[in-house]
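Me: Could you take me through how to read aromatic contacts, burial and helix packing in a model like this one? I would like the general idea before each case.

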Amino acid sequence: MRRRPLIVLVVLACAGALLWPSGAGAAGASSSPTALLHSILGSCGLDLRAGFSHCNLSLLADASGRPDAASAPTGYGPPDLVSAYQVPSTFSGPSAPTVAVVDAFDDKTAEADLAVYRAFYDLPACTTANGCFTKVNQNGVQGSYPKNNQGWAVEVSLDLDMVSAICPACKIVLVEAKNNQNANLYAAVDTAAQLHPGAISNSYGGKETKNDPANNVYFNHPGIAITVSSGDSGYGVEYPASSPDVTAVGGTTLSRDSSPRGWNETVWSGAGSGCSKYEAKPLWQTDSGCANRTVADVSAVADPNTGVSVYDSNCSTLNALGGKCFDGWGTVGGTSAAAPIIASMYALAGNAAGFAAAQSTYNHAASLHDVTSGSNGSCGSSYLCTGGPGYDGPTGNGTPNGIGAF
């Protein structure tokens with residue numbers, strides 16, 4: 001019998017009832033998940049407390065909720081993403097760019113898991129030993145990390161794998177905040193900026209508050225493109241995606257088709273979007289249906305049903321204790337996938353000092369794939385929640401078509 005899809009919101013301190021698609025494709029094959037599976041949101045804690053953020057990551061599970069990792073990738077891999085977004089094979093600039101990733105807590109298996117992902121896809125090794133990978137705490141110190149968290153570890157793996165997929169030559173810095181309290185996450189962004197990356201990716205957010213404008217200072221780092229996921233709960237705005245100092249990244253459903261591009265994208269129903277309550281409208285944003293800052297600016301794949309392959313082994317303890325967590329390969333979505341994809345595109349393009357990175361996606365919208373259909377909620381058929389020609393809330397100006405918009 002055909003199962004009916006069900007969206008389940010789960011509030012967790014770490015990864016909970018997760019089950020990955022069983023059955024692996026051929027090694028190196030380009031495929032997308034086709035099984036009709038339940039989507040579980042908020043794997044690293046849908047933390048709704050004031051002053052805290054949750055990750056914007058969506059996982060796939062079947063109705064039973066029993067852990068069952070796949071033995072090989074079943075989602076989109078680097079060849080698929082390179083094809084869909086016309087990713088260049090080389091970067092612009094004299095030296096390899098750096099992408100910083102900010103996450104909460106420690107992922108004790110981050111480097112080992114990254115090695116498995118890159119080896120499977122024949123990407124060059126990125127290790128501490130060869131100078132490609134660096135892990136620091138929110139103060140920039142190596143070796144004194146926060147407490148390991150198996151839920152946020154999935155987010156870390158997703159972020160590192162997406163940077164690797166889009167820019168395998170990029171250096172990667174993982175900055176781990178002490179926990180998911182906003183004060184610590186924002187301090188980690190400042191630390192990341194001090195390491196002078198080309199881009200900083202942030203895959204988390206929380207409810208907007210009147211204090212948000214005062215926190216924009218943490219994201220105001222001219223010359224560094226800072227991306228933030230727009231949220232995974234559909235129509236509605238999160239911070240820091242609403243900050244005018246960041247590029248807010250929405251989400252799409254990405255599918256193969258027979259068009260010259262070979263791909264089709266629609267609005268992902270879970271992507272966050274809308275009109276900010278508290279943030280002023282930046283000069284470079286000219287849509288008329290929102291007097292304040294509009295989310296999002298740009299987008300990439302986020303639907304877990306057309307998700308990306310991720311490798312994570314930081315759940316073995318929970319599995320051994322009968323917990324509900326995956327251990328191995330899985331298919332992952334959420335705007336948490338889109339944010340590091342876009343950050344890596346900025347890094348490949350080479351970021352010039354003295355401009356708002358998000359502005360470039362408005363100045364060069366013709367260099368993006370316009371997403372013209374789909375919706376993420378009810379807003380009276382407004383562009384704030386509905387895909388259409390030109391700018392719309394859920395997908396912004398569109399998805400990457402090479403690096404021209406970045």
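**Reading the model**

Reply: Let us begin with exposure: at 66% relative accessibility, Ser71 counts as exposed, where exposed means over 50% relative accessible area, buried under 20%, and partly exposed in between, with a 1.4 Å probe and protein chains only. Ser71 is placed in the loop between β4 (58-61) and α1 (78-85), with helices (H or I, at least four residues) and strands (E, at least two) taken as DSSP runs numbered from the N terminus. This is a predicted model, in which local features need pLDDT of at least 70 and side-chain atom pairs count only at pLDDT 80 or more, while totals for chains, interfaces and linings use all residues. Residues are numbered from 1 along each chain as its sequence is written, and side-chain values use heavy atoms, with hydrogens and water left out.

Me: What average pLDDT does the protein have, and what share of the residues score at least 70?

Reply: The pLDDT is the predictor's confidence in each residue, from 0 to 100; the protein averages 86, and 82% of the residues reach at least 70. Over residues 1-38 the pLDDT is below 50, although this stretch has 112 contacts in the model beyond near neighbours in sequence, a contact being heavy atoms within 4.5 Å. Residues 318-324 also have a pLDDT below 50, with 16 contacts beyond near neighbours in sequence.

Me: How many aromatic pairs are found in the whole structure?

Reply: A pair of aromatic rings is described by the distance of the centres and the angle of the planes. Here rings of Phe, Tyr and Trp (its six-membered ring) pair if their centres lie within 6.5 Å, and planes under 30 degrees apart count as stacked, over 60 as edge-to-face and the rest as tilted. The search of the whole structure finds 15 aromatic pairs. For Tyr117 and Trp329 the ring centres are 6.0 Å apart and the planes are at 40°, so this pair is tilted. It joins distant parts of the chain, with Tyr117 in helix α2 (residues 110-120) and Trp329 in strand β18 (residues 328-333), 212 residues apart, and both Tyr117 and Trp329 are buried. Tyr186 and Tyr239 form an edge-to-face pair, 6.2 Å centre to centre with 75° between the planes. Tyr186 is buried at a relative accessible area of 3%, and Tyr239 is likewise buried at 2%.

Me: Which residues form one aromatic cluster with Tyr117 and Trp329?

Reply: The cluster consists of Tyr117, Phe120, Tyr121, Tyr311 and Trp329. The C-alpha atom of Tyr311 is separated by 10.0 Å from that of Ser71, 240 residues away along the chain.

Me: Which residues have the most contacts inside the largest nonpolar core?

Reply: In soluble globular proteins, nonpolar side chains tend to be buried together. A nonpolar core is here a set of buried Ala, Val, Leu, Ile, Met, Phe, Trp, Tyr and Cys residues joined through side-chain atoms within 4.5 Å. The largest one has 87 residues, and those with the most contacts inside it are Leu81, Val102, Leu160, Val308 and Phe406. Its largest share, 10 residues, comes from helix α7 (residues 335-349).
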